[in-house]
Amino acid sequence: MSAQEKMHVDRYERNWMVASAILLVLFATAVSIAAFGMGIQVPAPEQRVDPRTVASDPNSPWSNPGIREVVAGEKYDVYILAKTWQYLPAEISIPAGASVTFYVTSMDVQHGFKIQDTNVNFQVVPGQVSKLTVKFTKAGTYNFICTEYCGAAHAAMAGKIVVSP
Ligand code: CUA
């Protein structure tokens, strides 16, 4: 046997190896385009907070949760505190066309935050801040609910966003 003798790979097996490699390159390209070209990203922890003091520390925005106007009629920040079994505040009013960035954290156990008819759907983990921006182009009422089982009244944990024309 010479050192140059190649390992035998069956033709069909080689074809599958080539096809798999092409798929990997395609997927990596698609993910790169989505992440860097289109800016599509998964919600990441925006910051760390201490769940024991996040609701009481006067320097914490969640000690006074609610809406903050950034640009009137266009841009708002909303700080929401999740706790068993409610959201503070449970109702938010914004004008249609506004771009709203949600900053949500929990002061006790893990909760969820899903707003109907939007792509907002994330976990709310004590000690972390979940952040996502959504533009409300259509007027109406958008309910939000807890999507992580958090105890006896989990099913009642909800709120709403009222978008006025
Ligand atoms: Cu909070 Cu389920």
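Which domains does the domain assignment of the protein chain give? And what is the strand order of the open sheet of five strands?

Reply: The assignment gives domain 1 (1-40) and domain 2 (44-164). Such bounds come from an automatic or database domain assignment. The centres of the two domains, taken over C-alpha atoms, are 43 Å apart. This is a predicted model, where local features need pLDDT of at least 70, side-chain atom pairs count only at pLDDT 80 or more, and totals for chains, interfaces and linings use all residues. Residues are numbered from 1 along each chain as its sequence is written, and side-chain values use heavy atoms, with hydrogens and water left out.

Now the sheet. The order of its five strands is β5-β11-β10-β7-β8. The sheet is open, and its pairing is mixed. β5 (91-95) and β8 are the edge strands, each pairing on one side only. On average, neighbouring strands are turned by 20° against each other, direction ignored. The axes behind such angles are lines fitted to C-alpha atoms, for helices over the stretch in contact; angles run from 0 to 180 degrees between N-to-C directions.

Two terms need their rules. Strands (E, at least two residues) and helices (H or I, at least four) are DSSP runs, numbered from the N terminus. Two strands pair if DSSP finds at least two bridges between them. In general, strands of a sheet pair through backbone hydrogen bonds, either parallel or antiparallel.

β5 and β11 run parallel and are joined by five bridges. Here isoleucine 94 stands opposite valine 163 in β11.

Next comes β10. Strand β10 (residues 140-145) pairs with strand β11 (residues 158-164) over six bridges, in the antiparallel sense.

On to β7. β7 and β10 run antiparallel, with two bridges between them. Isoleucine 115 faces phenylalanine 144 in β10 across this pairing.

Strand β7 (residues 111-115) and strand β8 (residues 121-124) are antiparallel, with four bridges. Lysine 114 stands opposite asparagine 121 in β8. The two strands form a hairpin with five residues between them.

Look at the turn of that hairpin. Aspartate 117 sits in the loop between β7 and β8. Its phi is positive, about 60°, although aspartate 117 is not a glycine. Aspartate 117 counts as exposed because its relative accessibility is 66%. The cut-offs are these: buried means under 20% relative accessible area, exposed over 50%, and partly exposed in between (1.4 Å probe, protein chains only).

One joins threonine 84 and tryptophan 85, with omega about -5°. Tryptophan 85 is in the loop between β3 (75-83) and β4 (86-88). The other runs from leucine 88 to proline 89, with omega near -5°. Proline 89 belongs to the loop between β4 and β5, and β5 is an edge strand of the sheet.

One more loop deserves a glance. Arginine 52 is found between β1 (45-48) and β2 (66-71). Arginine 52 is exposed, at 72% relative accessible area. The C-alpha atoms of arginine 52 and glycine 127 are separated by 8.7 Å, while the two residues are 75 residues apart along the chain.
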